[in-house]
Every structure is written in structure tokens, then in C-alpha cells.
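Please consult the sequence and the coordinates alongside the text.

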Amino acid sequence: MKKYGLIGWPVKHSVSPPMQNAAFQTIGIEEKLYGLIPVKPELLKDTYKNVLIKEYAGWNITVPHKNAMSTLVDKLDISAELSGSVNTVVNSKNGTKGYSTDGYGLEKALEKNFNIKLKGKTFLFIGAGGASKACCTHFAEQGVAKIIIINRTIAKCEEIAKNIKKNAPECLIEYYENPSDEINSNKFSTIDAVIQATSMGLNSNDKIPLSLKYFNRNTVIFDMIYKETPFQKEAKKAGFSVADGRDMLLYQGMKSFSIWTGKPAPEEKMRKALYSALL
Ligand code: ATR
């Protein structure tokens, strides 16, 4: 039986194996099919050719390989083509096909945590890396009215904006360098949710990516990092509704499982396994 796994560098702290193995168990697979595949960036191409396509029926991809994987697979699903990022690959007799399930994962997590549906809404993304790009392009495709992006490196905002203007021109897009004098609360008075998509907060002594003084209290805050960060703590203390990234991880993983197996993913079993692994 061919295996599944998560490829990344570093990858050892990932909680995807217990979550995916719980799902495989519900379709009668008792062995631990899904494991970790640590691969340094310079070895990605060789590992793809000599290991992944020979031994694996499917895999997930995390930092820093999501963009590079999109150049290696035989075919791209529209989700991956638009975002230039691949976090799920299926390997079948027809070759390899890459998908991006991050945007779907965030969409479902916002619905679950805050009852927010995307259509017609305005979102502020802090960060313009791979995860932000995948989610912004998915959101624009799904009929979001406006996306504002704030990032330290403005060129990455420009790239996302270009992509959205080309593929979903009806979605308004604005972006600002962070920090900058242009950032002020008037610009954010109509946003429905803030999405924290930088890696700031992975370490407990990290700074806050953007001051909370710009947001009014009925704006909800979703942080893609799936443990409590200084940003989340401060936002809760100030009275905001806050969710961490665990449900995004759950829903992107459920979508991957369905892509690989063609079967519905067992949400509660996967959630239980994921939440306990995060304790
Ligand atoms: P991912 O795939 O998880 O999105 P990434 O592509 O490395 O990871 O993106 C990380 C994001 O965190 C980027 O928006 C990055 O800002 P830059 O584009 O300017 O690099 C942001 N980030 C990371 N460390 C940061 C820091 N110390 N200050 C500000 N932004 C930071």
C-alpha cells in the first residue's frame, strides 16, 4: 500500500500525522500511513523524482516548498494555478496533480468560528507570504468585495494584487507597506475580519505584527498560527473575538483527505486527533 505524508523543512513539530491517520482509520486503514518527510530545499527535486512519485500516493506540502512544488507536478488544479502554491499532491497512474486547499481551509474556519461567509465581505490580511497569497486569491475568486494587504515587503503585496486584478478583477484590492504613515483606522472601519498571516508569533517573544488600535471592537481576528500568540493574547484582553489557526489546519487537511481518497473526511475524528496533538 502506498504511503502519504507531509513534506517540509523543518517539519518535525507538525500535527498533521495524527489528524490524517485518524481519518485513514475510519476507512479501515489501521497502519500509520501518513508520516513526516523532512526535505531540505536543495533536495526537493531529487526527492520528488526518486522518492515521492515512487513511494507515495499523495502528500501535503508546507514551508518552504509550496511554490517550488507547483513547478514540479505534471498538472495543476485551478486552485493551485491561481495561487502558484501547492499544498496537496495526488500521485496516480495519470501522473501528479497539485492543489491548494489553504484558501478553502481559511474560508471554512471563518464560517465555523465567526459564522462569516465570504461573499461581499472585506478582509484585511497582515502578511503577504505563501499562505496569504493562496488565501487572498481564493477569497477573490469566491466573490469577496475587498481585500486589504499589509506587509513589510511591499513587492509581495504587489504580486498578489496583480494576480487578483488578472483573475478576479471585480474584487477591490489595496495594500500598504508595514510600517507606514498611510496605515490608519479610517482605512479599516469597514473590514469584517483581520487575518494574521505572518509567521510573527511562532516564538513566544515575537512582536505584535500590527497595532490593535486601528480596529474597532466588532472586527473579528483570525490568526493562522495554531497556538496562542502574543497578538492573540493582546486582542483577547482588548475585547476582540479571536480564533487561532487550528480549524484552518483541520479544514485544509479534510479537503486533502477527500482529494486523495474520494471520500468525505470525518470532521469530528480529525478535530479530536488534532486538538489533542496540540495540547
Ligand atoms: P507562509 O508560507 O507561512 O506564508 P512565508 O511565505 O515565509 O510563510 O511568509 C511569512 C510572512 O511573515 C511574510 O508576510 C513575511 O513578511 P515579508 O514578506 O516582509 O518577509 C512575514 N514576516 C515574517 N517575519 C516578519 C517580521 N519579523 N516582521 C514583519 N513581517 C514578518
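The model is predicted. Six strands form an open sheet with mixed pairing, while strand 8 is largely enclosed by the rest of the structure.

**Ligand site**

- The side chain of T153 places an N or O atom 2.4 Å from an oxygen atom of the ligand.
- Backbone atoms also take part: a polar backbone atom of G130 lies 2.9 Å from a ligand oxygen, and a polar backbone atom of S199 lies 3.2 Å from a ligand oxygen.

- The six strands of the open sheet follow the order 2-1-3-5-6-4.
- Its edges are strand 2 (34–38) and strand 4 (75–76), each of which pairs on one side only.
- Strands of a sheet pair through backbone hydrogen bonds, in either a parallel or an antiparallel arrangement.
- Strand 1 (residues 3–8) and strand 3 (residues 56–61) run parallel and are joined by five bridges.
- Within this pairing, G5 stands opposite W59 of strand 3.

**Strands 7 and 8**

- Strand 7 (residues 122–126) runs parallel to strand 8, and five bridges join the two.
- L124 is located opposite I148 of strand 8.
- Six of the six residues of strand 8 (residues 146–151) are buried, so this strand is largely enclosed by the rest of the structure.
- Both of its faces are covered, with K146, I148 and I150 buried on one side and I147, I149 and N151 buried on the other.

**Helix 9**

- Helix 9 spans residues 246–261, a run of 16 residues.
- From its first C-alpha to its last, helix 9 reaches 22 Å, close to the 22 Å expected at 1.5 Å a residue.
- The buried residues of helix 9 are D247, M248, L249, L250, Y251, Q252, G253, M254, S256, F257 and W260.
- Just after helix 9, G262 adopts a positive phi of about 75 degrees.

Notes:
Residues numbered from 1 in each chain as written. Predicted model: local features only at pLDDT ≥ 70, side-chain atom pairs only at ≥ 80, totals over all residues. Heavy atoms only, no water. Polar contact = N/O pair within 3.5 Å; in protein donor to acceptor, adjacent residues only side chain to side chain. Helix = DSSP H or I, 4+ residues; strand = E, 2+ residues; numbered from the N terminus. Expected span 1.5 Å × (residues − 1). Buried < 20%, exposed > 50% of the residue type's maximum accessible area, 1.4 Å probe, protein only. Pairing = 2+ DSSP bridges.
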